[in-house]
Amino acid sequence: MNVGANVWRARTSVFGLILTVAGLCSGGVMAQTSAGAIADGRGRVVALAAGSDATCALNERAAAQCWGNNWFGTLPPPRGNFTAVTMGENFGCGLHSDGSVECWGGSSSVQAVPAGATFTTIAAGGDHACGLRSNGTVLCWGSNSHGEATPPNKAAFAAVTAGWAHSCALTAAGVATCWGDNLAGSLDVPANERFTAITSGYYHNCGLRANGTAVCWGNNQNNNLPSGQVYTALAAGVNFTCGLTLNGRIVCGGDNTFGQASPPISRVNTYVALTAGYYHACALTAGGRVVCWGRNDKGQATAPKGVFGMGTVAAGATHACDLGADGSLVCSGSNSSGEATPPAGSYADVGAGGGYSCARSAAGALSCWGFNDSNRASPPTGQYADMRVGSLGGCALSGNGGFGCWGWNNSGQNMPAILPIGIGAYYRQLGRGSFHGCGIVNDGSARCWGNNGSGALNVPGSGWLAIGEGSQFSCGLRSTGSVVCWGGPMTTTPVPTGYFKALATGEDHACAIRDNGELACWGDNSHGQASPPAGRFVHVSASYYQSCAVRDDGTRTCWGTP
């Protein structure tokens, strides 16, 4: 239930046992993300967490977004990236990649995460939270009026969940233990049962057996979940429970006052995760779309259009390409060299440059089309996890640290700086401009190479999340959220201050998205390319004399005169 924590946790081996923790008040979601991920509209949703009347989503780039009731500061989530999110009654908690936890909203006691503690999984309850530590112990904080924040430490646990005023944990052997308020028998775990997952509701719990059947105990235990089904995940709310079936469907049972036990019927969607709040529930489709149902008086069951995964837009010199969330690709503008005529197929990313365009398929193959002077439209073969396209060429990274660059190479811009051998260093971002390229190393430092006549290679410091390359300058986004530029005319151009979450560089200008979603642009504005429209955005792209962005409702817009 997410009166407690509602977080779906991806299946992962814990001490040799496969545990899938789902549901209201359940454990953490491990988003698959890389270091230095930046929040933007390209990442699909990978996890959901529902609270009493608010819901949060986490995308594959480790960014969280929440919607619903904000009376207690439940939204928006704090700055930063998370590997897990969980929601309580009026608060949320996020797990950072270093194991630290940050909670927001609710009472001061639930925000007071134990200093120095690190966790592998988190769960939020009514007004308390619990975390599973790497040694198998559980540590809780917040309200403890019923002993819900005082876990037993006699056993090594592998999963944790939290309800309204009680908590439960699961050992590696599948034995469940609960503590806190025993109203309605919420602590009375059925004897001789073993579970692979557990979820807590308001005053009841449900466990998932190894054979996929479920058993519930506590309040309303006999009217919660339909029998005769094989489940892969469970989520419990206030007197209702939902289960994810083996074929990707959702069935619910129990109280249906607000339609919370009546999930929408779909012949096209299959689901991979679900979460339950007080009186609403949400599920995640295989395509990364959020579907919610039940009580919606605070907007908790209305996911914003394009929370994440609404695709992206790429600004080229005189054209632009629009990638939909479904992988469809459409280009517009100048097509003198075929740059606006993409090949048929489904794509995961797109880039546009001077008279050419490139796209990366879901399998990682690169395709380019349009003007091919100096091989700018001739990418390397192979499978790549990331692609960045500049005006005269691009670079791509494979998942194992390999890379490939292509295009104009008069200054060695296709030859990334060699990293030290034997210390585990590798590039986690790679890009190039007209005359130089830059890469971010996995330790947050950066290297640039190519033409340094303008100082574009003189990287100031470290701690980088992103770097963009212009014609004779570079700009970088630090982990602190600040933006810094160096080289060429940018050495004398004022850079906006504040906290930013995404960055894009054109030939002689740059744009960035502030933490509130608003745009800021600077540099050459001779064609209006540095005069962004008002509104809130999730993705931005910049080129020669135009810039394009995706609004937080998924709509696209461009400005400037290409």
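Biologist: Why does Y202 count as partly exposed in this structure?

Modeller: In this model, which is predicted, Y202 has a relative accessibility of 24%, and since buried means under 20% and exposed over 50%, Y202 therefore counts as partly exposed.

Biologist: What makes the pair of W164 and Y202 stacked?

Modeller: The ring centres of W164 and Y202 are 5.2 Å apart, with the planes at 15°; rings pair if their centres lie within 6.5 Å, and planes under 30 degrees apart count as stacked, so this pair is stacked.

Biologist: Which parts does the pair of W164 and Y202 tie together?

Modeller: W164 lies in the loop between β12 and β13, whereas Y202 lies in the loop between β15 and β16, so the pair ties together parts that are 38 residues apart in sequence.

Biologist: Why is the pair of F403 and Y427 called edge-to-face?

Modeller: The planes of F403 and Y427 stand at 80°, and their ring centres are 6.3 Å apart; because planes over 60 degrees apart count as edge-to-face, the pair is given that name.

Biologist: How do you know whether Y427 is buried or exposed?

Modeller: The relative accessible area of Y427 is 4%, and buried means under 20%, so Y427 is buried.

Biologist: What makes strand β33 largely enclosed by the rest of the structure?

Modeller: Six of the six residues of β33, which covers residues 427–432, are buried, so the strand is largely enclosed.

Biologist: How do you know that β33 and β34 pair?

Modeller: Five bridges join the two strands, which run antiparallel, and because at least two bridges are needed, β33 and β34 pair.

Technical notes
Residues numbered from 1 in each chain as written. Predicted model: local features only at pLDDT ≥ 70, side-chain atom pairs only at ≥ 80, totals over all residues. Heavy atoms only, no water. Buried < 20%, exposed > 50% of the residue type's maximum accessible area, 1.4 Å probe, protein only. Helix = DSSP H or I, 4+ residues; strand = E, 2+ residues; numbered from the N terminus. Phe/Tyr/Trp six-rings, centres within 6.5 Å; stacked < 30°, edge-to-face > 60°.
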